[in-house]
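Good morning, and thank you for joining. I would ask you to look at the sequence and the structure on the screen while I speak.

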Amino acid sequence: MQNIHLSATAATPEVDFRFDSHQLSLKGESYPENAQSFYGPLLDAVAGYLATLDHVHIAVDVQLAYFNSSSTRLLMSLFELLNDAAVKGNYVTLNWHYDEDDDTILEFGQEIADDYPSLDFHPLALVA
């Protein structure tokens, strides 16, 4: 599976999916004009990648400062895929990076932890 690296834009996050080392990263802000066209191919790639795994440790780092509602829906789809992979015997660590002063982002991460309990969730405060 070919790794994916997309540089951040004003409206889309940096994407660094290193499938060969089982490390996935999203960083920046997410409010693309068409979230489906941005996240759809990424979700397809992740689904294809996860389908090949068996008892693998996957590290996921998310450091999003902002995401709009359409991005939220697709991010939840990503976490659902990862949770399903964990249920099937893989080990998925979700490192949730947030600004120490941003309670909204922290609360969203905690909702993910509640909704997808098979993910090994780690909230990590970014200190200014």
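Predicted model: local features only at pLDDT ≥ 70, side-chain atom pairs only at ≥ 80, totals over all residues.

Let me begin with the aromatic rings. A pair of aromatic rings is described by the distance of the centres and the angle of the planes. How many aromatic pairs does a search of the whole structure find? The search returns seven. One of them joins F17 and F19, where the ring centres are 5.9 Å apart and the planes stand at 65°. Planes over 60 degrees apart count as edge-to-face, so the pair of F17 and F19 belongs to that class. As for solvent, F17 has a relative accessible area of 3% and is therefore buried. F19 likewise counts as buried, at 3% relative accessibility.

A further pair is formed by F79 and W96. Here the centres lie 6.2 Å apart and the planes are at 65°, so this pair is edge-to-face too. Which parts of the chain does it tie together? F79 belongs to helix α2, residues 69-87, whereas W96 belongs to strand β5, residues 91-99, so the pair connects parts that are 17 residues apart in sequence. Both F79 and W96 are buried. Moreover, F79 and W96 are members of a cluster, linked by ring pairs, that also contains F67 and F108.

I turn now to the helices. Helix α2 packs against helix α3, residues 103-115, at an angle of about 40°, and the two axes are 11 Å apart. Are the two helices roughly parallel or oblique to each other? Angles under 35 degrees would count as roughly parallel; α2 and α3 are therefore oblique. The crossing of α2 past α3 is right-handed. On the α2 side, the contact is made by T72, M76 and F79, and on the α3 side by F108, I112 and D115. By class, this contact comprises four nonpolar residues, one polar and one charged.

My last item returns to strand β5, in which N95 lies. Is N95 buried or exposed? Its relative accessible area is 15%, and buried means under 20%, so N95 is buried. Which residues is N95 in contact with, leaving aside its neighbours within four places in sequence? They are V60, D61, V62, H122 and L124.

That concludes the presentation, and I welcome your questions.

How values were computed:
Residues numbered from 1 in each chain as written. Heavy atoms only, no water. Phe/Tyr/Trp six-rings, centres within 6.5 Å; stacked < 30°, edge-to-face > 60°. Buried < 20%, exposed > 50% of the residue type's maximum accessible area, 1.4 Å probe, protein only. Helix = DSSP H or I, 4+ residues; strand = E, 2+ residues; numbered from the N terminus. Axes fitted to C-alpha atoms, helices over the stretch in contact; angles between N-to-C directions. Parallel < 35°, antiparallel > 145°, perpendicular 65-115°, else oblique. Left-handed = near helix turned anticlockwise from the far one by under 90°. Contact = heavy atoms within 4.5 Å. Nonpolar A, V, L, I, M, F, W, Y, C, P; charged D, E, K, R; others polar.
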